[in-house]
Amino acid sequence: MPTKAMFLMIKQMLQRPFTNPFPVKHAPKDVTSLVEKIQKGEVKIHPPVPVPEGFRAVS
């Protein structure tokens with residue numbers, strides 16, 4: 001018998017996450033060299049995820 005929790009789980013599995021991915025594909029060993037590669041255009045940074053209206057975060 002389907003419950004509200006089951007429908008909620010299915011709904012959440014189909015939604016995109018609201019979290020921002022790490023700025024680059026792989027974590028760098030050296031941040032300084034990463035910044036230099038970004039400035040040279042060798043590495044692309046992921047754009048931030050827009051914050052939905054009415055978003056409440058715990059800090």
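Helices (H or I, at least four residues) and strands (E, at least two) are taken here as DSSP runs, numbered from the N terminus. On that basis, the protein chain holds two helices and zero strands. The model is a predicted one, in which local features need pLDDT of at least 70 and side-chain atom pairs count only at pLDDT 80 or more, while totals for chains, interfaces and linings use all residues. Residues are numbered from 1 along each chain as its sequence is written, and side-chain values use heavy atoms, with hydrogens and water left out.

Just after α2 comes Gly41, with a positive phi of about 90°.

Leu34 itself counts as buried because its relative accessibility is 15%, buried meaning under 20% relative accessible area with a 1.4 Å probe, protein chains only. Of the 59 residues in the protein chain, 5% are buried. Beyond its neighbours within four places in sequence, Leu34 is in contact (heavy atoms within 4.5 Å) with Val24, Pro28 and Val43. The C-alpha atoms of Val24 and Leu34 are 9.1 Å apart, with the two residues 10 positions apart along the chain.

Definitions and conventions:
Buried means under 20% relative accessible area, exposed over 50%, partly exposed in between (1.4 Å probe, protein chains only).
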